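Please look over the sequence and the structure before reading on.

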Amino acid sequence: MNDVSQKAEILLSSSKPVPKSYVPKLGKGDVKDKFEAMQKAREERNQRRSRDEKQRRKEQYIREREWNRRKQEIKEMLASDDEEEISAKIEKAYVPKLTGTVKGKFDEMEKHRQEEQRKRTEEERKRRLEQDLLEKRKIQRELAKRADSRKGAKLHRETLS
């Protein structure tokens with residue numbers, strides 16, 4: 001404290017204006033005590049922050065573990081449902097559909113529609129293949145014409161030289 005008061009006296013007695021921030025306040029406690037208090041507060045804040053961060057990471061880990069467990073349970077339930085559906089399908093015997101009923105007629109109409117759709121797609125595929133072949137032939141003819149014209153131009157140049 002004696003050192004600090006001497007420095008304060010020197011600063012106060014000098015003729016130069018000294019900013020207030022450099023003058024220690026003697027009445028409210030020692031600068032060393034203030035520094036130690038600030039250091040302690042800083043350490044406490046860091047400890048609290050690290051404790052909070054650790055708690056947050058732990059909670060996140062628990063949430064992720066719980067979520068993964070639930071996902072696994074759902075997968076298992078879905079897998080067991082698939083097995084039950086397969087076994088249920090196997091157990092069913094063939095039952096011929098009655099064409100005289102409304103359901104039978106709708107099934108027949110659906111089959112007919114699907115068959116028409118399949119035929120249309122097949123025809124479209126064939127038409128596109130034919131179109132592609134025609135285009136390829138056309139391109140080959142053009143390339144052949146260009147090659148012939150180049151040969152002719154080359155021969156013409158050779159005869160001139």
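A residue is called buried under 20% relative accessible area and exposed over 50%, with partly exposed in between. The model is predicted. The protein contains three helices and zero strands, in the order α-α-α along the sequence.

**Overall exposure**
- Of the 161 residues of the protein, 2% count as buried.
- The protein exposes about 16,000 Å², and carbon and sulfur atoms supply 55% of that area.

**Helix α1**
- Helix α1 covers residues 2-13.
- Its twelve residues should span 16 Å at 1.5 Å a residue, and the end C-alpha atoms are 16 Å apart, so the two values agree.
- Helix α1 is hardly covered, with one buried residue among its twelve.

- Arg 42, Arg 45, Arg 48, Arg 49 and Arg 51 form a patch of positive charge on the surface.
- One of these residues, Arg 51, lies in helix α2, which runs over residues 31-91.
- Arg 51 counts as exposed because its relative accessibility is 51%, and the cut-off is over 50%.

- On the surface, Val 102, Phe 106 and Met 109 make up a nonpolar patch, and together they have about 340 Å² of accessible area.
- Met 109 belongs to helix α3, residues 102-160.
- Because its relative accessibility is 52%, Met 109 counts as exposed.
- An α-helix has 3.6 residues a turn, so residues three or four places apart point the same way.

Terms used:
Residues numbered from 1 in each chain as written. Predicted model: local features only at pLDDT ≥ 70, side-chain atom pairs only at ≥ 80, totals over all residues. Heavy atoms only, no water. Patch = residues over 30% accessible without salt bridge, like charges linked within 9 Å, V, L, I, M, F, W, Y side chains within 5 Å. Areas by Shrake-Rupley, 256 points an atom, 1.4 Å probe, with all protein chains shown as cover. Salt bridge = Lys/Arg side-chain N within 4 Å of Asp/Glu carboxyl O. Helix = DSSP H or I, 4+ residues; strand = E, 2+ residues; numbered from the N terminus. Buried < 20%, exposed > 50% of the residue type's maximum accessible area, 1.4 Å probe, protein only. Lys, Arg positive; Asp, Glu negative; His and termini not counted. Charge placed at Lys NZ, Arg CZ, Asp CG, Glu CD. Expected span 1.5 Å × (residues − 1).
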